[in-house]
Amino acid sequence: MHGTAPSASLKHRDAAETVRVWDLPLRLWHWMLAVLVLVAWVTPNVHDGLHRIAGYAILGLLAFRLIWGIIGTRHSRFRSIGARLRATPAYLWNLRRGRTGRYLGLNPAGTAMQLALLLLLIVSVVTGAMQVTVRFFGLWWVEDTHEVTSYLLIPLVVLHVAGVVLVSRLQRENLARAMLTGRKLLRRSSRTS
């Protein structure tokens, strides 16, 4: 009985020091998308059926994300995307000096990366779906667009992961874990947007 009290107080303290940011639907979307993009990237011309299934699943996830960006919870919505994009150059300049600021939601660089990844994924999956239709089958520009956008995704994903690692180190907070648990550290200097 004596051993349970400290555990309860630690849970209470942890809850007081963190705040819920990422909701469960967004976190599931993020990790399912990561897995499906990897599957789609390694399966073309080898396992075309699996490649198509992954592509259609990604298309469904993108549709969900666009809807969730409008009706989802606070940090899932796209409402502050313009302001964050305008702040991106200054954010990246300060990042060079190790200054990140504090954001509960996506920081400006994360917002820019989110937009770039979403746009590339949309073009990639739409052109991939077009390739298997009678009307667009065999058209060089559809195939080339699909291939180029698919290859551009990989360096962006690597840059995304590197950015998460860098900002996690600078802020001394595991941002990948925050995307698993939905909770981020709450500090007084945290921006609530």
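Predicted model: local features only at pLDDT ≥ 70, side-chain atom pairs only at ≥ 80, totals over all residues.
Student: Which helix holds Met113, and what is Met113 in contact with beyond its sequence neighbours?

Tutor: Met113 is found in helix α5. Set aside neighbours within four places in sequence, and its contacts are Leu156, Leu159 and His160. Look also at Gly163. Met113 and Gly163 are 50 residues apart in sequence, yet their C-alpha atoms are 9.6 Å apart in space.

Student: How do I read empty space in a model?

Tutor: Rolling a probe the size of a water molecule over the atoms shows where empty space is left. Now the case here. The largest pocket has a volume of about 1200 Å³.

Student: Which residues lie nearest the centre of the largest pocket?

Tutor: His30, Met113, His160, Val161 and Val164. Two or more residues each come from α2 (24-42), α4 (81-96), α5 (108-131), α6 (140-171) and α7 (175-181).

Student: Which element gives the most to that lining?

Tutor: α6 does, with 13 residues.

Student: How do the residues of that lining divide by type?

Tutor: There are 33 nonpolar, eleven polar and three charged residues in the lining of the largest pocket.

Student: What is the volume of the second largest pocket, and how many residues line it?

Tutor: Its volume is about 730 Å³. The lining has 25 residues, and Pro44, His51, Gly128, Gln131 and His146 lie nearest the centre. At least two lining residues come from each of α2, α3 (48-71), α5 and α6. By type, the lining splits into 13 nonpolar, eight polar and four charged.

Student: Now the packed side chains. How many residues are in the largest nonpolar core?

Tutor: That core has 24 residues. Trp29, Leu33, Ile58, Leu62 and Leu121 have the most contacts inside it. Each of α2, α3, α5 and α6 supplies at least two of the core's residues.

Student: Take Leu33. What is Leu33 in contact with, leaving aside neighbours within four places in sequence?

Tutor: Leu33 is in contact with Ile58, Leu61 and Leu121.

Student: Which residues does the second core include?

Tutor: Tyr91, Leu95, Ala109 and Leu175 are among them. This second core is separate and has six residues.

Key:
Residues numbered from 1 in each chain as written. Heavy atoms only, no water. 1 Å grid on protein atoms, 1.4 Å probe; cavity = no way out; pocket = protein on both sides within 12 Å on 5 of 7 lines; lining within 4 Å. Points joined across faces, edges and corners; volume = space filled by probe spheres on them. Helix = DSSP H or I, 4+ residues; strand = E, 2+ residues; numbered from the N terminus. Nonpolar A, V, L, I, M, F, W, Y, C, P; charged D, E, K, R; others polar. Core = buried A, V, L, I, M, F, W, Y, C linked by side-chain atoms within 4.5 Å. Buried < 20%, exposed > 50% of the residue type's maximum accessible area, 1.4 Å probe, protein only. Contact = heavy atoms within 4.5 Å.
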